[in-house]
Amino acid sequence: MTSARLKSQNGDLLVRDGTTDTSVKSGITKAWANYSQTDATVRDSFSISSVTDDSTGIHTYVFTNNMSNANWAAGFITRNNRHQWNTTEGATTGRAVRTADSNNTLGDQHSNTIVCTGDLA
């Protein structure tokens, strides 16, 4: 078993395994949420200040802490054989998501989850 060392540098936590430093700060989830469009309920979340029901099949996640730029990454899952994608380019404050069925008909879904990574402002 290889031992690892932790160290702090410029406000970041680094893990050293042998001769390589890996940033813990850049690799962790910055925000996530579990949201129901059918009853507009945020079941649980971290660093999501609100979720707005924009219209049928479209809702917007708003971060508690903004990202440093609009190029952050997200994984989004909805259930019941639906598909989804971002409705707009990213923003430092959050992003709108669209859910639709296999015929591309917009629809509110009971279970939606999002996980976001990137650099905080």
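This is a predicted model: local features need pLDDT of at least 70, side-chain atom pairs count only at pLDDT 80 or more; totals for chains, interfaces and linings use all residues.
Does W72 count as buried or partly exposed, and at what relative accessibility? At 7% relative accessibility, W72 counts as buried, where buried means under 20% relative accessible area, exposed over 50% and partly exposed in between, with a 1.4 Å probe and protein chains only. Residues are numbered from 1 along each chain as its sequence is written, and side-chain values use heavy atoms, with hydrogens and water left out.As for the overall layout, the chain has zero helices and eleven strands, taken as DSSP runs numbered from the N terminus (helices H or I, at least four residues; strands E, at least two). Read along the sequence, that gives β-β-β-β-β-β-β-β-β-β-β. Of the 121 residues in the chain, 31% are buried. Among contacts (heavy atoms within 4.5 Å) with a separation of 6 or more, 48% join residues 24 or more positions apart. The chain exposes about 7200 Å², of which carbon and sulfur atoms supply 48%; accessible areas come from the Shrake-Rupley method with a 1.4 Å probe, and for residues only the protein chains shown count as cover.

Next, the inside. The largest nonpolar core has 13 residues, and I48, Y61, F63, I114 and C116 have the most contacts inside it. A core here is a set of buried Ala, Val, Leu, Ile, Met, Phe, Trp, Tyr and Cys residues joined through side-chain atoms within 4.5 Å. Two or more residues of this core come from each of β4 (31-36), β6, β7 (58-63) and β11, and β4 gives the most, with three residues.

The aromatic rings come to three pairs, with rings of Phe, Tyr and Trp (its six-membered ring) pairing if their centres lie within 6.5 Å; planes under 30 degrees apart count as stacked, over 60 as edge-to-face and the rest as tilted. Y35 and Y61 make an edge-to-face pair, 6.3 Å centre to centre with 75 degrees between the planes. Because Y35 lies in strand β4 and Y61 in strand β7, this pair ties together parts that are 26 residues apart in sequence. Y35 is buried at 1% relative accessibility, and Y61 is buried at 1% as well. F63 and W72 also pair edge-to-face, at 5.0 Å centre to centre and 75 degrees between the planes. F63 is buried, with a relative accessible area of 4%. Ring pairs also link Y35, Y61 and F76 into a cluster.

Then there is the backbone. Most residues other than glycine have a negative phi. S47, however, has a positive phi, near 60 degrees. S47 sits in the loop between β5 (41-46) and β6 (48-55) and counts as buried at 12% relative accessibility. N104, not a glycine either, has a positive phi of about 65 degrees. N104 is placed in the loop between β10 (94-100) and β11, and at 40% relative accessibility N104 is partly exposed.

Finally, the surface. W32, F46 and V115 make a nonpolar patch of about 260 Å². Patches are made of residues with over 30% relative accessible area and no salt bridge, with like charges joined within 9 Å and nonpolar side chains (Val, Leu, Ile, Met, Phe, Trp, Tyr) within 5 Å; a salt bridge is a side-chain nitrogen of Lys or Arg within 4 Å of a carboxyl oxygen of Asp or Glu. V115 belongs to strand β11 (residues 112-117) and is partly exposed, with a relative accessible area of 41%.
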